[in-house]
Amino acid sequence: MKDQVVVIAGGSGEIGQAAGSLFARAGARVVLAARDRAKAEAAAAAMNAAGGEAYVADLDVTDSASVQAMTRQVAEELGRIDVLVNAFGVGMILPLEQAETPDIERVMQVNATGTILVTQAVVRVMKQQKSGRVIQIPGIVGKYVMRGSSVYSASKFAVAGFTKAMVEETKRDGIGFSLLYLGGVATGFWDSPLVQMRVQKEKMLTPAEVAKAIYYAASQPAPGVLNELVIQPDSHQMV
């Protein structure tokens with residue numbers, strides 16, 4: 001990964017920061033693109049203090065102009081984009097009849113539309129290069145549904161379907177796509193009032209473990225591509 005440019009959309013989140021640290025330690029030039037600039041800057045500072053090369057870019061995944069500006073800035077200042085990791089998302093685990101329309105729209109806008117907008121912008125750069133890797137994280141509910149996941153699963157199944165269609169669109173462009181179906185990860189996701197589940201975080205995957213999966217997918221030597229990967233906590237194996 002030495003000197004490769006890795007853009008992490010959602011770089012201020014726990015998974016994004018963990019992945020960014022791993023890429024930085026491997027010698028990549030890491031861009032933490034996020035709405036929460038303060039968190040992203042703190043994470044980038046820690047990476048740079050440890051000898052890495054990390055940058056921060058403002059990004060609102062629901063705003064096309066913001067997405068375009070971020071992509072243009074990275075391509076112009078760093079010369080290319082080798083890896084895109086879409087590590088952002090909004091959760092909702094509750095019965096459908098309790099879901100409010102603004103929250104439903106927000107989940108779909110961030111998770112589905114946001115993924116489409118960011119991928120669209122970055123893939124344009126990768127097509128010009130004739131190379132690139134895109135790592136999507138639909139999570140396990142993008143493959144298997146569960147009680148209360150109707151809206152959230154809808155957004156994540158959309159990510160999976162979109163990504164599979166993009167494989168067909170970019171067959172001659174040297175771009176590899178990976179879908180990571182990850183089980184419960186111990187992050188602040190579970191603290192949202194829209195997530196009505198009792199969970200045991202100590203039994204979940206950690207952001208550091210997820211970062212290793214992301215790095216593994218991004219670092220596969222060409223022409224190999226890790227298409228799909230399922231990782232579950234041992235309490236939910238083969239679900």
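Packing of two helix pairs

In the predicted model, helix 1 (residues 14–25) and helix 2 (residues 37–49) have axes that come within 10 Å and cross at roughly 25°. Helix 1 is therefore roughly parallel to helix 2, a term for angles under 35 degrees. Axes are lines fitted to C-alpha atoms, for helices over the stretch in contact, and angles run from 0 to 180 degrees between N-to-C directions. Helices are DSSP runs (H or I, at least four residues), numbered from the N terminus. Residues are numbered from 1 along each chain as its sequence is written. In this predicted model, local features need pLDDT of at least 70 and side-chain atom pairs count only at pLDDT 80 or more, whereas totals for chains, interfaces and linings use all residues; side-chain values use heavy atoms, with hydrogens and water left out.

The crossing of helix 1 past helix 2 is right-handed, meaning that the near helix is turned clockwise from the far one by less than a right angle. From helix 1, Gln17, Gly20, Ser21 and Ala24 meet Lys39, Ala43 and Met47 of helix 2, with contact taken as heavy atoms within 4.5 Å. This contact has three nonpolar, three polar and one charged residues; Asp, Glu, Lys and Arg count as charged, Ala, Val, Leu, Ile, Met, Phe, Trp, Tyr, Cys and Pro as nonpolar, and the others, Gly among them, as polar.

Helix 4 (residues 101–129) packs against helix 5 (residues 150–169) at an angle of about 15°, their axes being 8 Å apart. Helix 4 is thus roughly parallel to helix 5, and passes helix 5 in a right-handed crossing. Residues of helix 4 that meet helix 5 include Ile104, Val107, Asn111 and Lys127; those of helix 5 that meet helix 4 include Tyr152, Phe162, Met166 and Glu169. By class, the contact of helix 4 with helix 5 has 13 nonpolar, four polar and three charged residues.

Methods
Parallel < 35°, antiparallel > 145°, perpendicular 65-115°, else oblique.
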